[in-house]
Amino acid sequence: MSAFVINGGRRLSGSLRVQGSKNSVLPILAATVLISGKCTIHNCPRLSDTECTIKILRSLGCKVYRDGNSVTVDSTSISSSEISEELMREMRSSVVFLGAIIGRIGEAMVSAPGGCEIGLRPIDLHLYAVRKLGVDVEEGYGRIYCKVKNKLKGNKITFSFPSVGATENAILLSATAKGSTTIVNAAREPEIIDLCDFLNSCGAKISGAGESIITVEGVEKLSGCDHTVICDRIVSATYLIAAAVTGGDVELISANPNHLNSVLPLLEESGCDIRIRCKDVRLKAPMRLRRIDKIVTQPFPGFPTDAQALFTTLVSIADGTSVIVENIFESRFKHVPELVRMGARIRAEGRVAVVDGVDRLYGAEVFSPDLRGGAALVLAGLCANGVTKVRNTEYIDRGYEDFTDNLCMLNGDIIRKDISDGRAEKKEVKTRRN
Ligand code: EPZ
């Protein structure tokens, strides 16, 4: 068990190459199950969620090798169609294996997925999609058993909400189904495009990725390929906001500004100077951040819910009152009481938070409620007066590779401390610039 210990008040500066996208690599690794052959995925971040995905692949009988940020999966001799309840509970995206396993083996045994507790997160749209393609679904005793009735057959799938995960499952299942599938009101996130690019490189016939209507012409067989995962747009937003709240000047290398179209304008509204050069994004912070009128989370290309907590920290020290509306998840303001503990003035009720900016936050001991909420507390610690201790770092490790190293490289003062034994706390000092 560890905590991040942060000495606030340093201006961040320098440049950083952004890691590969967690929300892209997880469905792509699951998709390798569909391919009877070898795939190598490059720019694969080292995260607890990718390690959990690799555990699932191995439990299905795939051979997996990691070489730095490249992961090779050989799923030629897949031997199981079941994922244990324990592995399913470790993360939300375990559910995306459903489409890949059924597509490859014709049946699958899973259970309701785990993951960050940011809302009810049902999987009704996932099960609706698999039923539409000719799969019987039996639920009972905490398990979900799916079996292809006769043959997987293309069909029209119309989602009531553009769910990312359900769109991924529909794509994975229809890729090798007989005939054509049309997915209407599909998710349009960049991670969906990356998954389709990967599958098309393996011989799939998918068009319309990134649009609300995706068409999949089923093919007999898919073969292995090499694929480089896109960079993580939410991690990019995190480092840009770290610069903004510390009055810093940071450049992100290959951050792909097109994926940040709903984020960069809000940073400019808060007074940050944004410079784009090809795929690089530089942010120079103002002396004092300005309030942001309204932050409303929406499916892509709208403002990402995964950046909501990060912006909550930003507007908590901005000049004026900002309003945040969380439209995607029911309970994604769990970071608010922790920020209030640090001196922020935020009233959150239901899906709306009103933030009255304060001049300064103060260091405190706070608990990460989930992945992005935890990252938001680290950002708060970087700009706070004094020392902040952020507990439950295991949430943050799900999505951020080398977080303390990267922040130290940008002149931040943060270390990871082992707190498994409260009395004899051992110190694991990363580079601390004196
Ligand atoms: C993906 O989750 C991301 N996770 C989430 O990022 C992200 O917040 C979310 O998309 C929205 O952008 C991964 O890609 C691994 P959804 P997912 O299905 O697929 C409801 C992070 O911090 N819904 O688009 O689970 C659901 O309850 C994580 O990196 C149903 O009602 O999101 C939610 O309110 C957190 N029924 C909304 O749709 C369903 O069957 C969006 O969920 C499925 C979803």
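Residues are numbered from 1 along each chain as its sequence is written, and side-chain values use heavy atoms, with hydrogens and water left out. Because the model is predicted, local features need pLDDT of at least 70 and side-chain atom pairs count only at pLDDT 80 or more, while totals for chains, interfaces and linings use all residues.

**View 1. The sheet of S6, S8 and S7.** Three strands form an open sheet in the order S6-S8-S7, with antiparallel pairing (strands are DSSP runs of E of at least two residues, helices are runs of H or I of at least four, and both are numbered from the N terminus; two strands pair if DSSP finds at least two bridges between them). S6 (107-110) and S7 (135-140) are at the edges with a single partner strand each, so one side of each has no neighbour in the sheet. From one strand to the next the twist averages 10°. S7 and S8 (residues 143-148) run antiparallel and are joined by six bridges; Glu138 has Tyr145 in S8 as its bridge partner.

View 2. Helix H5 (residues 124-132) lies across S7 and S8 and runs at about 145° to S7.

**View 3. The packing of H8 and H10.** Helix H8 (residues 233-245) packs with helix H10 (residues 308-316) at an angle of about 10°, and their axes are 10 Å apart. H8 is therefore roughly parallel to H10 (the term covers angles under 35 degrees). H8 contributes Ile234, Ala237, Thr238, Ile241, Ala244 and Val245 to the contact, and H10 contributes Leu310, Phe311, Thr313 and Leu314.

View 4. Around the ligand are 22 residues, of which Asp124, Leu125, Ser163, Asp306 and Ile328 come nearest (a residue is near if one of its heavy atoms lies within 4 Å). A polar side-chain atom of Asp306 is 2.6 Å from an oxygen atom of the ligand.

Key: Axes are lines fitted to C-alpha atoms, for helices over the stretch in contact, and angles run from 0 to 180 degrees between N-to-C directions. Angles under 35 degrees count as roughly parallel, over 145 as roughly antiparallel, 65 to 115 as roughly perpendicular and the rest as oblique. Contact means heavy atoms within 4.5 Å. A polar contact is a pair of N or O atoms within 3.5 Å; within protein, one must be able to donate a hydrogen and the other to accept it, and residues adjacent in sequence count only if both atoms are side-chain atoms.
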